[in-house]
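Subject: Structure for your review

Dear colleague,

Please find below the sequence and structure that I am handing over to you. I would be grateful if you could look through them alongside the notes in this message.

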Amino acid sequence: MSAPAIFDLSGRVAAVTGGNGGIGLGIARGFAEAGAAVAILARDENKNREALGELRALGVRALALKLDVTDRAALAPALAEVERALGPVDILVNNAGIARTVGVARGEIGDWDHVIETNLNAAFLLARLAARAMIPRRRGKIINIGSEYSLFGNPIAHSYSASKGALIQLTRSMAVELAPHNIQVNAIVPGWIESDMTAPMKSRPFYQEVLRRTPAGRLGTPAECAGAAIFLASAAADFVTGATLIVDGGYSIK
Ligand code: NDP
């Protein structure tokens, strides 16, 4: 059974940062299944190669680019390379993200800077570049990946929560600026999702706390983030902008 046409991404080009694993790869796969050509942009060439193989096996045009999103000079050339290989970017997903321990009592300022540069500054710079190219075409979708810590405080990861909270306000501000150009900017707030980022927490008591607090009683999967991304990337969301779509099994309502 094929998906309703309103969710069809055939003919669209998507770029997903950090698309070689975890939530990013879940979203990249979802886009490919919905018919989009997909570029993944991340640092690890082995993971890039493996993910690229998976995407091509789904029968779409795909590209994997080695990119460190904190390398500001490399951002414009990377988007230009996607355009050369696949066509102009219609959908940008700012998914690349890291977490570090940086609080008042603990952590290094260098880690603060690295998290803010990766999670927030790179998202803005890439969105700006992508949006400038979308404006003349009068269409585009930008999706920023937030976190539960876009909404809640965190006792030990202030740079992470500050970056993810700011991403929501960045989403809203860009949405206001770009709506007249028919470009929609939205955010997804995933709850606790199975990935390399969350794997280490399974051996800690905090994991049981997360399960208790999540009404669904489990972590989500990267594939379960894909539906929200397909919706926001598709014509079904042409009148949805500045929104924060929470995909968390109910964690944030309890
Ligand atoms: P992973 O650690 O599995 O994936 C992170 C991805 O980001 C990897 O593909 C990594 O690829 C890429 N990445 C990291 N730093 C850079 C960089 N400097 N340049 C380019 N790519 C980079 O984590 P998740 O899939 O869990 O996380 C994805 C996003 O979702 C993040 O923004 C995270 O904050 C957010 N999130 C995750 C949640 C979870 O429970 N898992 C919950 C809420 C939000 P490479 O190392 O090859 O560069």
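The notes below take up a strand and its neighbours, the ligand site and a residue in another strand. Please bear in mind that this is a predicted model.

I begin with strand β1, which spans residues 13–17. This strand is mostly covered, with 5 of its 5 residues buried. The side chains divide between two directions: V13, A15 and T17 point one way, while A14 and V16 point the other way. Residues of both groups are buried.

Strand β1 is joined to two other strands. With strand β2 (residues 37–42) it forms 5 bridges, and the two run parallel.

I turn next to the ligand. It is surrounded by 30 residues, and the closest of them are N20, R43, N95, Y160 and S195. For N20, an N or O atom of the side chain is 2.6 Å from an oxygen atom of the ligand. The side chain of K164 likewise has an N or O atom 2.8 Å from a ligand oxygen atom. In the case of V69, the backbone supplies the N or O atom, which lies 2.9 Å from a nitrogen atom of the ligand. The ligand exposes 880 Å² when taken alone, and the protein buries 94% of that area.

The last item concerns Q184, a residue of strand β6 (residues 183–190). Is Q184 buried or exposed? Its relative accessibility is 6%, and because buried means under 20%, Q184 counts as buried. The side chain of Q184 makes a polar contact of 2.9 Å with the side chain of K141. Leaving aside residues up to four places away in sequence, Q184 touches G140, K141, I142, A237, D238, V240 and T241.

With kind regards

How values were computed:
Residues numbered from 1 in each chain as written. Predicted model: local features only at pLDDT ≥ 70, side-chain atom pairs only at ≥ 80, totals over all residues. Heavy atoms only, no water. Buried < 20%, exposed > 50% of the residue type's maximum accessible area, 1.4 Å probe, protein only. Helix = DSSP H or I, 4+ residues; strand = E, 2+ residues; numbered from the N terminus. Pairing = 2+ DSSP bridges. Near = heavy atom within 4 Å. Polar contact = N/O pair within 3.5 Å; in protein donor to acceptor, adjacent residues only side chain to side chain. Areas by Shrake-Rupley, 256 points an atom, 1.4 Å probe, with all protein chains shown as cover. Contact = heavy atoms within 4.5 Å.
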